[in-house]
Amino acid sequence: MLMRTDPFRELDRLTQQLMGPSTWSRPSAMPMDAYREGDEYVVAFDLPGVTPDAIDIDVERNMLTVKAERRPTAKADNVQMELSERPLGVFSRQIVLADALDTEHIEADYDAGVLTLRIPIAERAKPRKISIGVGTGHKEISG
């Protein structure tokens with residue numbers, strides 16, 4: 001038997017039970033980190049217990065959508081659940097990407113329950129030097 005000491009966990013569990021499990025039309029949010037690393041943006045989503053085939057990543061224009069579903073594990077007939085705190089159901093997150101990002105070359109990797117997306121910065125958005133040409137002479141405007 002397991003004992004809990006956090007009184008707010010029970011309140012969170014009851015709230016989730018009252019709202020019902022998340023569905024594709026009403027998904028729960030998933031935690032994420034986003035940061036710039038060199039010439040790319042990195043977005044990492046926590047999705048522990050989700051299989052890679054249950055993750056869906058879409059980009060439409062500049063809207064990135066990540067959906068995932070954590071399904072219940074199969075239990076034998078003689079198993080009696082004592083405690084169930086890990087949320088099941090659908091998780092989703094939408095992010096508006098800047099025009100400066102190259103959405104055609106997004107790379108996705110899933111390892112140890114973390115989905116990591118690497119989004120390169122578009123060439124047109126990278127800083128560059130502009131050379132200054134020297135004129136060959138003066139021109140007069142006559143009117």
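**Strands, core and salt bridges**

Asp33 has Ala44, in strand β3, as its bridge partner. The model shown here is predicted: local features need pLDDT of at least 70, side-chain atom pairs count only at pLDDT 80 or more, and totals for chains, interfaces and linings use all residues. Residues are numbered from 1 along each chain as its sequence is written, and side-chain values use heavy atoms, with hydrogens and water left out. The protein has one helix and eight strands. Both kinds of element are DSSP runs, numbered from the N terminus: helices are H or I with at least four residues, strands are E with at least two.

**Confidence and overall layout**

- The mean pLDDT of the protein is 80 (pLDDT is the predictor's confidence in each residue, from 0 to 100).
- A score of at least 70 is reached by 76% of the residues.
- Confidence is lowest in helix α1 (residues 7-19), where the mean is 59.
- Confidence is highest in strand β7 (residues 107-111), at 97.
- Read from the N terminus, the order of elements is α-β-β-β-β-β-β-β-β.
- The protein has 143 residues, and 22% of them count as buried (buried is under 20% relative accessible area, exposed is over 50%, and partly exposed lies in between, with a 1.4 Å probe and protein chains only).
- Take the contacts between residues at least 6 apart in sequence: 54% of them join residues at least 24 apart (a contact means heavy atoms within 4.5 Å).

- Strand β2 (residues 32-37) pairs with strand β3 (residues 40-46) (two strands pair if DSSP finds at least two bridges between them).
- The β2-β3 pairing is antiparallel and runs over six bridges.
- Two residues lie between the strands of this hairpin.
- Gly38 takes a positive phi there, near 65°.

**The four-stranded sheet**

- An open sheet of four strands has the order β1-β6-β5-β4. Its pairing is mixed.
- Strands β1 (28-29) and β4 (55-60) stand at the edges of this sheet. Each has a single partner strand, so one side of each is left without a neighbour in the sheet.
- Strand β5 (residues 63-70) pairs with β6 in the antiparallel sense, over eight bridges.
- Thr65 stands opposite Gln94 in β6.
- Ser92 also belongs to β6, which covers residues 89-96.
- Ser92 counts as buried, because its relative accessibility is 15%.
- The side chain of Ser92 reaches the backbone oxygen of Val66 at 3.5 Å.

**The nonpolar core**

- In soluble globular proteins, nonpolar side chains tend to be buried together.
- The largest nonpolar core here holds 18 residues (such a core is a set of buried Ala, Val, Leu, Ile, Met, Phe, Trp, Tyr and Cys residues joined through side-chain atoms within 4.5 Å).
- Phe45, Leu47, Val66 and Leu115 touch the most other members of the core.
- At least two core residues come from each of β3, β5, β6 and β8 (114-120).
- Phe45 touches Met30, Pro31, Met32, Val66, Arg93, Ile95, Gly113, Val114, Leu115 and Leu117, leaving aside residues up to four places away in sequence.

**Salt bridges**

- Side chains of opposite charge can pair when their charged atoms come close.
- The whole structure contains three salt bridges (each is a side-chain nitrogen of Lys or Arg within 4 Å of a carboxyl oxygen of Asp or Glu).
- One of them joins the side chains of Arg118 and Glu37, at 3.0 Å from N to O. Arg118 lies in strand β8 and Glu37 in strand β2, so the pair ties together parts that are 81 residues apart in sequence.
- Arg118 also meets Glu40 in a salt bridge, at 2.9 Å from N to O. This pair links Arg118 in β8 to Glu40 in β3, 78 residues apart.
- Arg118 is partly exposed, with a relative accessible area of 27%.
- Glu37 is partly exposed at 40% relative accessibility, and Glu40 is partly exposed at 22%.
- Arg71 forms a salt bridge with Glu69, with the closest N and O atoms 3.7 Å apart.
- Arg71 is partly exposed at 42% relative accessibility, and Glu69 is partly exposed at 23%.
- Salt bridges with shared partners join Glu37, Glu40 and Arg118 into one network.

Methods:
A polar contact is a pair of N or O atoms within 3.5 Å; within protein, one must be able to donate a hydrogen and the other to accept it, and residues adjacent in sequence count only if both atoms are side-chain atoms.
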